[in-house]
Amino acid sequence: MALIRLAKPSDAKSVIEIIAQSSHTPNDYPNNGFVKHQNLDEWCYRRRISSTPFFYCAELLGKVVGFLAAYPLRSIWEETLNNDPLTRKLQRRYPDDVYFDQVAIRREWREKRIAQNLAHTMHQAAAMMHYGGIVGVRDYRKIICRFSLV
């Protein structure tokens, strides 16, 4: 079973490798998330990891095999997130929620419930921190799910 832990800025390089290996590239995100992920280099991911209590890594045998990134809507600071019209809409509609942004697992470790364990960890943490819910988006403009935590 994978160790699920909070990500550290030093995990940024592994996160980028996992994204590069996944079936979705940063250029796909306008169709698979609500943010155009541009210029997502190691420095950017170090900032993202440091900015949220909901950036987790799954580790097996000392190697990062997956990650999950989520952000409290009330405190999104990054320009690409904060300047997006849908982000602002979600912030108005669900100010006390957590936005579930990205999850990816290395190919050789998929179908082993790692993504499920990452999501479960985020869900538990958000509930313990008294967030109202978790919201996810697909196809850029459609809210596909919101789980209430209250």
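What follows is a friendly conversation about helix packing and aromatic pairs in a predicted model.

Colleague: Before we start, what are the ground rules here?

Modeller: The model is predicted, so local features need pLDDT of at least 70 and side-chain atom pairs count only at pLDDT 80 or more, while totals for chains, interfaces and linings use all residues. Residues are numbered from 1 along each chain as its sequence is written, and side-chain values use heavy atoms, with hydrogens and water left out.

Colleague: Good. What makes up the fold?

Modeller: Six helices and six strands, running β-α-α-α-β-β-α-α-β-α-β-β from the N terminus. Helices (H or I, at least four residues) and strands (E, at least two) are DSSP runs, numbered from the N terminus.

Colleague: Why are α1 and α3 called roughly perpendicular?

Modeller: Helix α1 (residues 12-21) and helix α3 (residues 42-51) pack at about 110°, with axes 8 Å apart. Axes are lines fitted to C-alpha atoms, for helices over the stretch in contact, and angles run from 0 to 180 degrees between N-to-C directions. Angles under 35 degrees count as roughly parallel, over 145 as roughly antiparallel, 65 to 115 as roughly perpendicular and the rest as oblique. The two helices are therefore roughly perpendicular.

Colleague: Which residues make that contact?

Modeller: With contact meaning heavy atoms within 4.5 Å, α1 brings Ala 12, Lys 13, Val 15, Ile 16 and Ile 19, and α3 brings Glu 42, Tyr 45, Arg 46 and Ile 49.

Colleague: Tyr 45 also has a ring partner. What makes its pair with Phe 55 edge-to-face?

Modeller: Rings of Phe, Tyr and Trp (its six-membered ring) pair if their centres lie within 6.5 Å; planes under 30 degrees apart count as stacked, over 60 as edge-to-face and the rest as tilted. Tyr 45 and Phe 55 are 6.3 Å centre to centre with 85° between the planes, an edge-to-face pair. Tyr 45 lies in helix α3 and Phe 55 in strand β2 (residues 54-60), so the pair ties together parts 10 residues apart in sequence.

Colleague: How do you know whether Tyr 45 is buried or exposed?

Modeller: Buried means under 20% relative accessible area, exposed over 50%, partly exposed in between (1.4 Å probe, protein chains only). Tyr 45 has 1% relative accessibility, so Tyr 45 counts as buried. Phe 55 is buried too, with a relative accessible area of 1%.

Colleague: And why is the pair of Phe 54 and Tyr 131 called edge-to-face?

Modeller: Their ring centres are 5.4 Å apart and their planes at 75°, so this pair is edge-to-face. Phe 54 is in strand β2 and Tyr 131 in the loop between α6 (114-128) and β5 (133-138), 77 residues apart.
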